Structure formats: structure tokens, C-alpha cells
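Please consider the sequence and the three-dimensional model shown here together.

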Amino acid sequence: SKWGYRVPFDNRLWEVDVFDGDNRGLIVAEIELDSPDQEFERPPWLAQEVTADPRYLNANLALHPYRQW
């Protein structure tokens, strides 16, 4: 399961998911951009970029939970 939060930063709304269960410890944040190359201010709490990593897709997290990596 996961808990979803909306966190405003720099006039943008970030969607932050905090996972529980077998994915406990994983927190994923995302924003909607108008284009892939659109620039945006990164919040200080933002860590590693995982957009291109398929392990973080919800379907893959269900099959291969974060705690088993």
C-alpha cells in the first residue's frame, strides 16, 4: 500500500507517494511537466532521479518489491 500527499514547491504541486508493506522505505515524488525538457526548481528534499528506471513503476513494485532489491 501507499499514502499519497500533495506538496507545493516553487509554484508546482508535487505528488509524493510514501510506500508501506514490502515497499516500505520507498518514497517517490513526481510533477507533471509540459515537456520532457522543461526546467524546474528541484526541492531540497528531492534525491535520485528515477524516471527512466522501470523498477519504480507500480506494476513492477508489485512483482519485485523495493525491500527485496
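The account below treats the sheet, the nonpolar core, the salt bridges and the aromatic rings in turn.

The model is predicted, and local features are reported only at pLDDT of at least 70, side-chain atom pairs only at pLDDT 80 or more, while totals for chains, interfaces and linings use all residues. Residues are numbered from 1 along each chain as its sequence is written, and side-chain values use heavy atoms, with hydrogens and water left out.

The description begins with the strands. Helices (H or I, at least four residues) and strands (E, at least two) are DSSP runs, numbered from the N terminus, and two strands are taken as paired if DSSP finds at least two bridges between them. Three strands make up an open sheet, in the order β1-β2-β3, with antiparallel pairing. Because β1 (2-9) and β3 (27-30) are at the edges and each has a single partner strand, one side of each is left without a neighbour in the sheet. From one strand to the next, the twist averages 20 degrees; axes are lines fitted to C-alpha atoms, for helices over the stretch in contact, and angles run from 0 to 180 degrees between N-to-C directions. β1 and β2 (residues 12-19) run antiparallel and are joined by eight bridges. Within this pairing, V7 is placed opposite W14 of β2.

The next topic is the nonpolar core. In soluble globular proteins, nonpolar side chains tend to be buried together. A nonpolar core is here a set of buried Ala, Val, Leu, Ile, Met, Phe, Trp, Tyr and Cys residues joined through side-chain atoms within 4.5 Å. Buried means under 20% relative accessible area, exposed over 50%, and partly exposed in between (1.4 Å probe, protein chains only). The largest such core has six residues: F19, L26, V28, V50, Y56 and L61. Contact means heavy atoms within 4.5 Å. With neighbours within four places in sequence set aside, the contacts of F19 include the core members L26, V28 and L61. F19 is also in contact with S1, K2, R24, G25 and N58.

D20 belongs to the loop between β2 and β3. Apart from neighbours within four places in sequence, D20 is in contact with S1 and W3. D20 and W3 are 17 residues apart along the chain, and their C-alpha atoms are separated by 8.0 Å.

Side chains of opposite charge can pair when their charged atoms come close. A salt bridge is a side-chain nitrogen of Lys or Arg within 4 Å of a carboxyl oxygen of Asp or Glu, and the whole structure contains four of them. One joins R24 to D20, with the closest N and O atoms 2.3 Å apart. Both residues are partly exposed, R24 with a relative accessible area of 47% and D20 with 25%. Another salt bridge links E15 and R6 at 3.1 Å, N to O. E15 is partly exposed at 33% relative accessibility, whereas R6 is exposed, with a relative accessible area of 61%. D53 and R55 also meet in a salt bridge, at 2.8 Å from N to O, and R55 is partly exposed at 38% relative accessibility.

The aromatic rings remain. A pair of aromatic rings is described by the distance of the centres and the angle of the planes. Rings of Phe, Tyr and Trp (its six-membered ring) pair if their centres lie within 6.5 Å; planes under 30 degrees apart count as stacked, over 60 as edge-to-face and the rest as tilted. The structure holds four aromatic pairs. Y56 and W69 form an edge-to-face pair, 5.1 Å centre to centre with 90 degrees between the planes. This pair links distant parts of the chain, 13 residues apart: Y56 is in the loop between β3 and α1 (58-63), and W69 is in the segment after α1. Y56 is buried, with a relative accessible area of 16%, whereas W69 is partly exposed at 37% relative accessibility. The rings of Y66 and W69 have centres 5.1 Å apart and planes at 70 degrees, so this pair is edge-to-face. Y66 is partly exposed at 30% relative accessibility.

Ring pairs also link W14, F40 and W45 into a cluster. F40 is found in the loop between β3 and α1 and is partly exposed, with a relative accessible area of 29%. Not counting residues up to four places away in sequence, F40 touches R12, W14, I31 and L33. The C-alpha atoms of F40 and R12 are separated by 8.8 Å, although the two residues are 28 residues apart along the chain.
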